[in-house]
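The stops below go from sheets to helices to charged pairs.

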Amino acid sequence: MRATIAAMAKPSEWTRTTSGADPARLDADVLAAIAATAERERFEADPLARARAVTTVSEREKRRLLGSRTERSETVLLLSEEWLTVAVRLDDGAVVVSFLPLDSIDVRPFRSELIEDTGLEVIGVAYGATERANRFVPLDEGPAGREFRSELERAVAAA
């Protein structure tokens, strides 16, 4: 007879902090990356127009043989009437931007049996892409994260 052992999710290695942001006052490199991506992809909508924004800073300690260092990324989410803009500043400083039309995405709470984490799973076709993709969007469980999560879910349902 085989014994079945229930898998327990591993605690998240990431510490996430979400806060509200003013779209016009985002860091210059994030604004430049959004503008450059919009121009390159011939994105005609203004991602900052009437947008609600939050920023999530994600950090984890990377342990190595000769010491450790903190790995850090920052995710900026802009929610406008028709679009979700996702801008991610990676640990090396590069900023990657995606534009997601609200009427073609599904949003649900992130769930995993392997690792505990907080955020959303966003599934859909980004502007300029040809295939659906699944992406993790980090949000903490604090007031700013919960409020943005609710607003995004309502906006997607209404689109």
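Here is the tour, stop by stop.

This is a predicted model: local features need pLDDT of at least 70, side-chain atom pairs count only at pLDDT 80 or more, and totals for chains, interfaces and linings use all residues. Residues are numbered from 1 along each chain as its sequence is written, and side-chain values use heavy atoms, with hydrogens and water left out.

**Stop 1: the five-stranded sheet**

Select β1 to β5. Strands, like helices, are DSSP runs numbered from the N terminus (E, at least two residues, for strands; H or I, at least four, for helices). The five strands form an open sheet in the order β1-β2-β3-β4-β5, with antiparallel pairing. Two strands pair if DSSP finds at least two bridges between them. β1 (15-21) and β5 are the edges; each has a single partner strand, so one side of each lacks a neighbour in the sheet. Neighbouring strands are turned by 15 degrees against each other on average, direction ignored. Axes here are lines fitted to C-alpha atoms, for helices over the stretch in contact; angles run from 0 to 180 degrees between N-to-C directions.

Now select residues 52-64, strand β2. It is joined to β3 by 13 bridges, and the two run antiparallel. Find Thr55: Val76 in β3 stands opposite.

Go on to β4 (residues 83-89) and β5. Seven bridges join this antiparallel pair. Ala87 faces Val97 across it. Their hairpin has five residues between the strands, and Gly93 there takes a positive phi near 100 degrees. β5 (residues 95-101) is mostly covered, with five of its seven residues buried. Buried means under 20% relative accessible area, exposed over 50%, partly exposed in between (1.4 Å probe, protein chains only).

**Stop 2: Ser73**

Ser73 sits in strand β3 (residues 67-79). Is Ser73 buried or exposed? Its relative accessible area is 16%, so Ser73 is buried. Leaving out residues up to four places away in sequence, Ser73 touches Thr56, Val57, Ser58 and Arg89. Contact means heavy atoms within 4.5 Å.

**Stop 3**

Select residues 28-40. This is helix α1, lying across β3, β4 and β5 at about 55 degrees to β5. Helix α2 (residues 143-158) also packs on the sheet, touching β1, β2, β3 and β4; its direction makes about 125 degrees with that of β2.

Three strands form an open antiparallel sheet in the order β6-β7-β8. Its edge strands, β6 (105-109) and β8 (133-138), each pair on one side only. The twist averages 25 degrees from one strand to the next. Five bridges join β6 to β7 (residues 119-124); Arg108 has Glu121 in β7 as its bridge partner. α2 lies across β6 and β7 too, at about 145 degrees to β6.

**Stop 4: salt bridges**

The structure holds 14 salt bridges. Each is a side-chain nitrogen of Lys or Arg within 4 Å of a carboxyl oxygen of Asp or Glu.

Show Arg16 and Asp117: their closest N and O atoms are 2.7 Å apart. Arg16 is in β1 and Asp117 in the loop between β6 and β7, so the pair ties together parts 101 residues apart in sequence. Arg16 is buried, at 14% relative accessibility.

Next, Arg89 and Asp29, with closest N and O atoms 2.5 Å apart. Arg89 lies in β4 and Asp29 in α1, 60 residues apart. Arg89 is buried at 13%, whereas Asp29 is partly exposed at 33%.

Last, Arg52 and Glu151 meet in a salt bridge (3.0 Å, N to O). Arg52 is in β2 and Glu151 in α2, so this pair links parts 99 residues apart in sequence. To finish, select Asp27, Asp29, Glu74 and Arg89: salt bridges that share partners join these into one network.
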